Amino acid sequence: MGRLHLHLISDSTGETLENIAKAAIAQFDDVEVVRHFWPMVRSESHLDRIIGEVQASPGMILFTLVNGELRASLERRAAALNLPTVPALDAVTDALSRMLGQQAKARPGRQHQLDAAYFARVEAIQFTVAHDDGIGWENWEQADIVLAGVSRTSKTPTSIYLANRGFKTANIPIVPESPPPDALYNLRKPLVVGLTTGLDRLVQVRRNRLLSLNQAPETSYVDDERVKAELAYARRMFADNGWPVIDVTRRSIEETAAAVIKLVEDRSAI
């Protein structure tokens, strides 16, 4: 296994830089990456302190700095240490500059300014947290998306991810013994999406859940025939109501959310 020190230096929160690093690292196997995170770097004195740490743990430097003098200083010092520097957004910004015929505005953290989209995302997160697991069904008409599925089909984490993308998302567990409220079948604004999964995977996920809670591992919650009936009940409900269905068996939360967003976009285009 290889080992790499990766220094992430940003003049803002560093969220964008961290996501870029995660996506790139995921492309490599058997590599231990030690990430050193340096956000809000906007002065030479701050950079002085960071360079000392970089020298102690040399490695690649990935950065987003818009201040020209600070960038030049970082690149000069890294070159003296024989360390590579990669400006994470330069290629995209340069391409946009050429296409748009204008220079980019060098403002640290510009992408995180408190605009309408930011407040809409905060509102979406608040709504989603308040409408998890079937709670607050009286307000579902205010949602953008309602996720339905049997227990342990990743409804809650998918909802939270969608909320971070600005979608007000409610979710409800489908339980044969406790049918959902009639409101679910009469929604007009939200897109209702059914989540399903493979029997074997669902049983295993549920078993792991019981073990994590120190509960008996053999209950009807993980009985094959019982779980199969639950899945069939949910699929029949989805089909009867014409709701789109996403199989999450081999999907990550991000992939499931992307599929849901595509359904929302397709619906808006009609």
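The side chains of K262 and D266 form a salt bridge, with an N to O distance of 3.0 Å. A salt bridge here is a side-chain nitrogen of Lys or Arg within 4 Å of a carboxyl oxygen of Asp or Glu. The model is predicted: local features need pLDDT of at least 70, side-chain atom pairs count only at pLDDT 80 or more, and totals for chains, interfaces and linings use all residues. Residues are numbered from 1 along each chain as its sequence is written, and side-chain values use heavy atoms, with hydrogens and water left out.

Both K262 and D266 belong to helix 9 (residues 253–269). They sit four residues apart, about one turn of the helix. Helices (H or I, at least four residues) and strands (E, at least two) are DSSP runs, numbered from the N terminus. K262 is partly exposed because its relative accessible area is 46%. D266 has a value of 36%, so this residue is also partly exposed. The classes are buried (under 20% relative accessible area), exposed (over 50%) and partly exposed (in between), computed with a 1.4 Å probe on protein chains only.

Across the whole structure, the search returns 12 salt bridges. One of them pairs the side chains of D48 and R77, at 2.5 Å from N to O. This pair links distant parts of the chain. D48 is in helix 2 and R77 is in helix 3 (residues 68–80), 29 residues apart. D48 is partly exposed because its relative accessibility is 39%. R77, at 23% relative accessible area, is therefore partly exposed.

A further salt bridge joins the side chains of E177 and R226, with an N to O distance of 2.5 Å. This pair also links distant parts of the chain, 49 residues apart. E177 lies in the loop between strand 6 (169–173) and strand 7 (191–196), whereas R226 lies in helix 8. The relative accessible area of R226 is 29%, so R226 is partly exposed. K262 and D266, the pair in helix 9, were described above. Salt bridges that share partners connect E177, R206, R226 and E230 in one network.

Helix 8 (residues 224–241) also contains D224. D224 is partly exposed because its relative accessible area is 39%. D224 touches L199 and V203, not counting residues up to four places away in sequence. Contact means heavy atoms within 4.5 Å. D224 and W243 are 19 residues apart along the chain. Their C-alpha atoms are separated by 26 Å.

T64 is part of strand 3 (residues 60–64). Its relative accessibility is 14%, so T64 counts as buried. Not counting residues up to four places away in sequence, the contacts of T64 are I9, S10, D11, L17, A88 and L89.

Backbone geometry was examined next. Most residues other than glycine have a negative phi. M40 has a positive phi, near 55 degrees, and is not glycine. M40 lies in the loop between strand 2 (31–38) and helix 2 (44–56). At 41% relative accessibility, M40 is therefore partly exposed. R152, likewise a residue other than glycine, has a positive phi near 75 degrees. R152 is located in the loop between strand 5 (145–149) and helix 6 (155–164). R152 is partly exposed because its relative accessible area is 34%.
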